[in-house]
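Reader: I have a few questions about this one. Can we go through them in order?

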Amino acid sequence: MLVLRLLNVVAPAYFLCISLVTFVLQIFVFIPSMFRDPSTTTLFSPALLHGALFLFLSANALGNYVLVIQSSPEDLGKDLNLGKGAEVADWLDGSRSPGSALPSTHFCRLCARVTQRHDHHCFFTGNCIGSRNMRNFIMFCLYTSLACLDSLVAGMAYISTTLSMSFADPLAFLTLLPHSISQFFSGALLSSEMFVILMLYLWLGIGLACAGFCCHQMLLILRGQTRYQVRKGMVVRARPWRENLQEVFGKKWLLGLLIPVLNVESNYCRQKEK
């Protein structure tokens, strides 16, 4: 438990540090290098277009990240009158079934609360993912993967210009890291250039992980399931996939796709108002 609590603090700090480093590299290294191309006009230069795209992706990724934390699943333990005595101990040791109180409920030891429609505990946000913040979590994964892809392309363009190399050959990227390490220790490669090369592989890994996680969550939503239900082998009521999507994304899903907003149209919120 101590390791999990430590991870719950380290993972968000790691994400924020990576986000800060990415922002600094984009604004102060990659984009200024694009302005050096004299063949483009100032208004429609690749630097301005790329800068606008990066700011759009970053604003959505960080905005949804904040909303995931702010839109925490409510503690149903208060409604179920779960105190700190024997009943909570039953949730902790697993002797009491989550379905004995409400369907799809789960007690998270890290958050110390009982939540409904529990999906999983995300260490990078330090929060549980459930009905209230599922859409923002998916948007966070989507825009984080796109921001990493954007940074990867910009970083490769910077490295190809700085080191006068071409990535036309697919093997060039695979052999870039070992070749760069040998050059770095021989003194032929600067520390700043080596740092950018390491960030390329980090962006690739984070981007692929977030994209895969986003696709996996979308598949579960279409089936009307959560990761917790799949892990516990719970049987869910079959519903049309359109209803499952509307429950998570609401009717105004396009607005949430463009800007980070709370999912005020979700079925969960409508039931809460009632």
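Reader: Which helix does Leu258 lie in?

Author: This is a predicted model. Leu258 lies in helix H10.

Reader: Is Leu258 buried, partly exposed or exposed?

Author: Leu258 has a relative accessible area of 45%, so it counts as partly exposed, the class between under 20% and over 50%.

Reader: Which residues make the nonpolar surface patch?

Author: Leu53, Phe56, Trp253, Leu254, Leu255, Leu258 and Ile259 make a patch of about 660 Å². Two elements give two or more residues to it: helix H2 (46-70) and helix H10 (253-258).

Reader: Which of them gives the most to the patch?

Author: H10 does, with four residues.

Reader: Changing topic. Where is Trp203, and is it buried or exposed?

Author: Trp203 is in helix H7 (residues 191-223). Its relative accessible area is 1%, so Trp203 is buried.

Reader: What is Trp203 in contact with, leaving aside neighbours within four places in sequence?

Author: Thr22, Leu25, Phe30, Cys148, Ser151 and Leu152. With Thr22 there is a side chain to side chain polar contact at 2.9 Å. Ser151 is 52 residues from Trp203 in sequence, with 7.1 Å between their C-alpha atoms.

Reader: Now aromatics. How many pairs does a search of the whole structure find?

Author: The search finds 13 aromatic pairs. In one of them, Phe167 and Phe173 have ring centres 6.5 Å apart and planes at 55 degrees, so that pair is tilted. Phe173 counts as buried, at 13% relative accessibility.

Reader: And which residues form the aromatic cluster with Tyr65?

Author: Phe15, Phe137, Phe140 and Phe213 form one cluster with Tyr65.

Terms used: Residues numbered from 1 in each chain as written. Predicted model: local features only at pLDDT ≥ 70, side-chain atom pairs only at ≥ 80, totals over all residues. Heavy atoms only, no water. Patch = residues over 30% accessible without salt bridge, like charges linked within 9 Å, V, L, I, M, F, W, Y side chains within 5 Å. Areas by Shrake-Rupley, 256 points an atom, 1.4 Å probe, with all protein chains shown as cover. Salt bridge = Lys/Arg side-chain N within 4 Å of Asp/Glu carboxyl O. Buried < 20%, exposed > 50% of the residue type's maximum accessible area, 1.4 Å probe, protein only. Phe/Tyr/Trp six-rings, centres within 6.5 Å; stacked < 30°, edge-to-face > 60°. Contact = heavy atoms within 4.5 Å. Polar contact = N/O pair within 3.5 Å; in protein donor to acceptor, adjacent residues only side chain to side chain.
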